Structures are given as C-alpha cells and as structure tokens.
Amino acid sequence: GDVNGNAITSSLTAVEDRTAGVLVFDVEDRVVKAGEVFTVRFRADELVEGYQFTLHFPNLEVIEVTPLSEGMTLGHFGVFAEESAVTTSWDGEVLASFRLKFRAKVSGELSRMLQVSSRITRAEAYSALAGRQAVALRFNGVEGSVVKGVGFEVYQNTPNPWVSRTQIGFHVPESTEVVLTVFDESGRIVWTQRGQFAKGYNAFSIDRSLLEVPGVLYYRVETPTDSAVRKMIQLR
C-alpha cells in the first residue's frame, strides 16, 4: 500500500525512502570453519511495535531455529532452504531474541556470511515514536562493531509471468542512478530505462504498450557499482 500517496504510477517508479532510524540486531562475530556446526544469537537493541525481514546466508545451511523471547514461536519464522534464507516477523511486547543453528559450507567470517535482505520478506520495522525503520545486523568483534543493512538487491518481477504490466523491484543502499535493460534470449536489447533513485526500495514498472515481446526475457538492473540479472516471462 502507498500510505502517503507518493508512489508514481508510470513506466518509471521511484519510491521515496521513508525510514526513520534503524532497528539493529546484535550478533557476535566470529570465524567459522567449513563443516562446523555452530549457533548464533540475534538480539534486538530496542523494543518496537513489529518488524519483518529476510536473513540471507548463501554459504551456510540452517539446521534449527529457536525462539527465545516470551510469546515468540516457530510460527514467527519461515525456512527457505533452497533460497538459503530465513524470514521472520514479530509484533510482541518484549525485546526480540532468537537463535539459529548453522552448518558452514565454507570457512570465513560470520559478518561476511549473514546479511539482512528483502528477497522474500521486505526488511522493515515499525516504531510508535520513530515510524517505519530499516533493519540491520550489528556484528560485535574484538576490533569493534560493524553495522550492515540491506545492500544492493534486485528482486523477481511481480507478477511473473505477466501479461499487461509487471514491476521490477530493487534496493539501493545509497541514492544513485539506476539503469534497467531488458533483452531477449538472443541477447538483443528490447528496452532500456534509467533514472535517479533514492536510498532504499524502488521499482521500475513496465506496461505491455512499452514492451510487447512475448516469451522469455531477461532484465539487468545496474548502478555505477553493482549489477544483477534475472529472468521473466511475458505471456501473449
């Protein structure tokens, strides 16, 4: 929903960044070895009315989810093994805390293996005082703390397959120029759009009148520093 009516319905949509502050989950950073089984505790640094986010970990395998806060159950989590992700949402009246057990696929630092994401459930929190907030992980190590929020991400277009209109969502960590390029299976470019977008979640909207090329298509979303490609299908 568009709460304050600022979404633009056109072929190019820039969604204003409306977050006011960040809900931080504290995590103890450490080095893990390939094959090691270990647990990680996530603790919110403040009480909010609710939150939701996706935790993405391509180099880890989740084994067990353990809710720790009073009233929190496994129903507040979703495990997506094929996506290497766990989603969580919470609207309790106590500080959120939970634990995940992982098996490491490779060796490395935990702070480089875990990331807040909006791939499945959009990362955002809700505070009566601060309004809508972003969500981030704060990794606490011997050399200090590092806070990491949602970085550059490109999401699957919705709906997909599509007939009359589809929307391609993406997240940028800072305000920047973004270029959308759509090309067919042969690599021929069939549509290009660019624009300046604010920090946070944004989207390109494509109408059939602008792109009538039924079949399998690919789209690339790129900034001066990042790029990602996904596949979509336009039906006749």
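1. T181 stands opposite R220 in β20, and strand β17 (residues 176-184) is joined to strand β20 (residues 215-222) by six bridges in an antiparallel arrangement; strands here are DSSP runs of E of at least two residues, numbered from the N terminus, and two strands pair if DSSP finds at least two bridges between them. The model is a predicted one, in which local features need pLDDT of at least 70 and side-chain atom pairs count only at pLDDT 80 or more, while totals for chains, interfaces and linings use all residues. Residues are numbered from 1 along each chain as its sequence is written, and side-chain values use heavy atoms, with hydrogens and water left out.

2. Both strands belong to an open sheet of four strands, ordered β18-β17-β20-β21 with antiparallel pairing, whose edge strands, β18 (189-197) and β21 (227-234), each pair on one side only.

3. F183 and Y218 form a stacked aromatic pair, at 6.0 Å centre to centre and 15° between the planes (ring centres within 6.5 Å; planes under 30 degrees apart count as stacked, over 60 as edge-to-face and the rest as tilted). Since F183 lies in β17 and Y218 in β20, the pair ties together parts that are 35 residues apart in sequence. F183 counts as buried at 16% relative accessibility, whereas Y218 is partly exposed at 26% (buried is under 20% relative accessible area, exposed over 50%, partly exposed in between, with a 1.4 Å probe and protein chains only).

4. A search of the whole structure finds 13 aromatic pairs; in one of them, the rings of F170 and F197 have centres 5.0 Å apart and planes at 85°, so this pair is edge-to-face. F170 is buried at 0% relative accessible area, and F197 is buried at 2%.
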